[in-house]
Amino acid sequence: MKRTYQDTRRTNRFAVMRHLIASAPVVRRDIAAASGLSVVTASDIVSELHELGLLAEIGQQASGATR
């Protein structure tokens, strides 16, 4: 059976949620590393869960990016 975009998205959401439950509080780049997702994908999923009211951000950390 061929996986759809929705299947992949659901699997990725569960991977992020599992890591959050096991390791919260955690930064987005650590979620990406632990789940095997890109930082962008992990960040998008965290943002989505936050917008749904399922997560609360407790602070912001400088990214260290120079762009």
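Hi everyone. Let's start with I21, which sits in helix 1; helices here are DSSP runs of H or I with at least four residues, numbered from the N terminus. What we have is a predicted model, where local features need pLDDT of at least 70, side-chain atom pairs count only at pLDDT 80 or more, and totals for chains, interfaces and linings use all residues. Residues are numbered from 1 along each chain as its sequence is written, and side-chain values use heavy atoms, with hydrogens and water left out.

Is I21 buried or exposed? I21 counts as exposed because its relative accessibility is 74%. The cut-offs are under 20% relative accessible area for buried, over 50% for exposed, and partly exposed in between, with a 1.4 Å probe and protein chains only. Together with F14 and M17, I21 forms a nonpolar patch on the surface, with about 320 Å² of accessible area together. A patch like this takes nonpolar side chains (Val, Leu, Ile, Met, Phe, Trp, Tyr) joined within 5 Å, from residues with over 30% relative accessible area and no salt bridge. The areas come from the Shrake-Rupley method with a 1.4 Å probe, and for residues only the protein chains shown count as cover.

Now let's go inside. I45 belongs to helix 3, residues 39-51, and I45 counts as buried because its relative accessibility is 0%. Leaving aside neighbours within four places in sequence, I45 is in contact (heavy atoms within 4.5 Å) with R9, N12, R13, V16 and L37.

I45 is also one of nine residues in the largest nonpolar core, along with others including V16, L37 and L49. Such a core is a set of buried Ala, Val, Leu, Ile, Met, Phe, Trp, Tyr and Cys residues joined through side-chain atoms within 4.5 Å. Which helix gives the most to this core? That is helix 3, with four residues.

Last topic: charges. Side chains of opposite charge can pair when their charged atoms come close. We call it a salt bridge when a side-chain nitrogen of Lys or Arg is within 4 Å of a carboxyl oxygen of Asp or Glu, and by this rule there are four. In one of them, R9 meets E48 at 2.8 Å, N to O. This pair links distant parts of the chain, with R9 in helix 1 and E48 in helix 3, 39 residues apart. R9 is buried, at 16% relative accessibility, while E48 is partly exposed, at 22%. R13 joins R9 and E48 in a network of salt bridges.

How values were computed:
Helix = DSSP H or I, 4+ residues; strand = E, 2+ residues; numbered from the N terminus. Patch = residues over 30% accessible without salt bridge, like charges linked within 9 Å, V, L, I, M, F, W, Y side chains within 5 Å.
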